[in-house]
Amino acid sequence: GTYGVTETNRVRRALRELDLEEKTILVIGSERPWLEACLLEAAAFHIVTIEYATITSTHPQVSTLTPSEARARWLDGSLPAFDAVVSF
């Protein structure tokens, strides 16, 4: 992860203690998908990342949005409900 092995492993351990199976998680601000990888490892069902930079994800369980795209989807009712929000 961006924060080094020790900090990444702390995050991984903490996420494994949560019940993320079948959960949709919102990640705020993640240009590098280290946090998304940790969430997938912890069995998150789907991850939506909101980031100012345009990110292309080819993983079927990871979607990305810019803040303006997220706002538009919230306004038209198509933004999903999230079970948790993660930022680091």
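1. Ground rules before the details. This is a predicted model, so I kept local features to pLDDT of at least 70 and side-chain atom pairs to pLDDT 80 or more, while totals for chains, interfaces and linings use all residues. Residues are numbered from 1 along each chain as its sequence is written, and side-chain values use heavy atoms, with hydrogens and water left out.

2. The main core. The largest nonpolar core has 14 residues, and the members touching the most others are L15, L20, I25, L35, L39, A44 and I47. (A nonpolar core is a set of buried Ala, Val, Leu, Ile, Met, Phe, Trp, Tyr and Cys residues joined through side-chain atoms within 4.5 Å; buried means under 20% relative accessible area, exposed over 50%, and partly exposed in between, with a 1.4 Å probe and protein chains only.) At least two residues come from each of helix 1 (5–16), strand 1 (24–28) and helix 2 (34–41). Helix 2 is the top contributor, with four. Helices (H or I, at least four residues) and strands (E, at least two) are DSSP runs, numbered from the N terminus.

3. Beyond its neighbours within four places in sequence, L20 is in contact (heavy atoms within 4.5 Å) with L15, I25, L39, A42, A43, A44 and F45. There is also a second, separate core of five residues, among them L26, V48, I50 and L65.

4. The rings. The whole structure holds three aromatic pairs. Rings of Phe, Tyr and Trp (its six-membered ring) pair if their centres lie within 6.5 Å; planes under 30 degrees apart are stacked, over 60 edge-to-face, the rest tilted. Y3 and W34 are edge-to-face, at 5.8 Å centre to centre and 65° between the planes. Y3 sits in the segment before helix 1 and W34 in helix 2, so this pair ties together parts 31 residues apart in sequence. Buried or exposed? W34 is buried at 12%, whereas Y3 is partly exposed at 45%.

5. Y3 again. Y3 also pairs edge-to-face with F88, at 4.9 Å and 80°. F88 lies in the segment after strand 4 (84–86), so here the parts tied together are 85 residues apart in sequence. F88 is partly exposed, at 42%.

6. Take a look at T66. T66 is in the loop between strand 3 (62–65) and helix 3 (67–75). T66 counts as buried because its relative accessibility is 13%. Leaving aside neighbours within four places in sequence, T66 contacts I50, E51, Y52, A53 and T54.
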